[in-house]
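Open your viewer, switch to the cartoon view and get ready to click along. We will go from one selection to the next.

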Amino acid sequence: MDINKLYEIFLHHSQVTTDSRDCPEGSIFFALKGETFNGNQFAEAALEKGCAYAVVDEQEYAPADDNRFILVDDCLKTLQALARHHRRTLGIPIVGITGTNGKTTTKELVSTVLSQRYNTLYTQGNFNNPIGVPKTLLRLTAEHEMAVVEMGASHPGDIKELVDIAEPDYGIITNVGKAHLQGFGSLEGVVRTKCELYDFLRCHGKHTVFIDAGNKLLLPMAEGLELVRYGVGEGQGQRVSGEIGPCAPYLSFDWWQEDGKRHHVQTHLIGSYNIYNMLAAACIGLFFGVTPEQINHSLEGYVPSNNRSQLSETEHNHLIIDAYNANPTSMAAAINNFRVMDVQPKMAILGDMGELGPTSLEEHQKVVEALKEAGINEVWLVGEQFGQIDCPFRKFTNAEEVKKTLATEQPQGHYILLKGSNYMRLYELPPLL
C-alpha cells in the first residue's frame with residue numbers, strides 16, 4: 001500500500017500496536033517478526049481482539065476478500081516510514097538524544113524541564129530502538145510543541161537508522177564510553193556510531209548540538225556544527241557551568257550562566273556523575289526559553305523510578321539501585337561515586353557486564369581492581385565473568401543464588417550498591433534487602 005494511503009488510515013486510527021495481546025479498539029496492528037516469532041501469524045487474532053486493521057508482509061496471511069488486512073513488503077520498514085511521514089507532516093521540533101551512559105536520565109530531565117513551557121512528547125521507558133523510535137513518533141499529535149527522542153545503539157549504523165526515521169532538529173550525545181564492544185569492536189567504533197547523529201544534523205542543515213565542553217572525544221567530531229556548551233567548572237563560551245556540592249547521599253550542585261547568578265539545586269539522584277545530565281537539561285532548557293526558576297523547580301522535583309541512580313530505603317538497608325544496565329564506563333563511575341559517599345557501612349552487589357566481546361575478562365578484572373581500592377566493607381560479585389577472576393570477594397553464579405543466600409543472611413543497616421547488566425536480574429533483589 002502507498003504510504004499516503006496508509007497515512008490516511010492512520011489519521012482515523014491513530015493508535016498502533018505490535019503486540020497481539022494488547023489491541024486497543026480501532027488500532028492498527030503491525031505484524032513484526034523476530035528470531036522466534038512471526039507476527040503475521042497473529043494478525044487475525046489482533047483483529048478479533050479489537051484492531052481495525054492489520055499490516056502484514058506475507059501474502060498467505062492477507063485474505064483478498066478482507067480489506068482489514070494491509071499487505072506490504074516489510075512491516076517494520078512500513079512502520080518506520082509511516083512514523084517518518086507523520087513526523088514530517090506535523091513538523092514539531094525534535095531533540096535527539098544518544099550516548100553510552102546517561103541518555104535515559106538526560107532524556108527524562110530534558111523532558112521535565114521543557115514541559116515547564118511546552119507540551120512535550122518524550123520516549124517512554126527505553127523505547128529507543130528501530131521499533132520503539134517509530135512508536136514514539138506515532139504518539140505525536142498536533143497539540144505537541146516539542147519532542148525528545150532517545151536513540152540507542154549496539155552496532156555501527158544503528159544511530160543512522162534511527163536519525164533517518166526521527167529526523168531530529170537538535171542533538172545531544174551525552175558521552176561515549178566502553179559499551180557493546182562486542183558489536184562496535186572498539187571505543188573508536190562507539191564514537192563513530194554515536195556521531196552518526198552529528199552527521200545527520202550536519203548534512204541536513206540542522207546545525208545546533210548541545211555538548212559537554214570538557215569531552216575531548218566528542219568536540220573534534222562536532223566540527224562544523226553550532227555548539228551550545230555546558231560543563232563542570234568555569235569555561236569560556238559555556239552557556240551553562242556547574243559545580244558539584246555535597247552528595248550525602250543525593251547529588252547537590254550549583255549552576256550558572258555566563259555573567260549570571262548561581263543557582264543551587266538539591267536533587268533526588270544518586271551519583272556525582274549525574275551533574276552532567278543535570279547541566280545538559282539546564283542548557284537545553286535555557287536555549288528554548290525556560291526560565292532558571294522553572295529549571296530549578298524541574299530538576300529538584302525529578303524523582304527517578306527506573307532503577308537508574310535511585311535510592312530506596314527498606315526496613316533493613318539503604319539501596320543505591322543502578323541495576324538497569326552496566327558497562328565498564330558506568331561501572332567505574334558508580335564505584336568511584338560509592339567510594340566517596342560519606343556513608344557507612346557499605347556493601348556492593350555487582351553483576352556481570354554484557355556484550356564486551358574479547359575484552360570482557362579484562363574489563364571485569366579492572367572492576368575487581370577498582371573494588372579493592374574502594375574501601376567497601378563487603379562485596380558480592382554475581383555472574384560467570386566475575387566467577388573466572390581470582391579475587392577476595394564473595395561470588396555467586398546468578399541472582400537466584402543471591403536470593404537463596406539472602407533468605408538466611410540478611411544485611412542490616414548497610415548502604416548497598418546494586419549494579420549490573422539487565423540480564424543479570426539484580427533488579428529482583430531489592431525486595432529481599
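Begin with the sheet: nine strands make an open sheet, ordered S6-S7-S5-S8-S9-S10-S11-S12-S13, with mixed pairing. Strands (E, at least two residues) and helices (H or I, at least four) are DSSP runs numbered from the N terminus, and two strands pair if DSSP finds at least two bridges between them. Select strand S6 (120–122) and strand S13 (262–270): these are the edges, each with a single partner strand, so one side of each has no neighbour in the sheet.

A word on what you are viewing: this is a predicted model, where local features need pLDDT of at least 70, side-chain atom pairs count only at pLDDT 80 or more, and totals for chains, interfaces and linings use all residues. Residues are numbered from 1 along each chain as its sequence is written, and side-chain values use heavy atoms, leaving out hydrogens and water.

Next, select S5 (residues 94–98) and S7 (residues 146–150), parallel strands joined by four bridges. Here Val95 stands opposite Val148 in S7.

Now move to helix H13 (residues 360–373). Which of its residues are buried? Select Ser360, Glu363, His364, Val367, Val368 and Leu371; buried means under 20% relative accessible area, with a 1.4 Å probe and protein chains only. They cover an arc of only 150 degrees around the axis, so they lie on the same side of H13; the arc is that of the directions from the helix axis to the C-beta atoms.

Last stop: just after H13, click Gly375, which takes a positive phi of about 70 degrees.

Technical notes:
Buried < 20%, exposed > 50% of the residue type's maximum accessible area, 1.4 Å probe, protein only.
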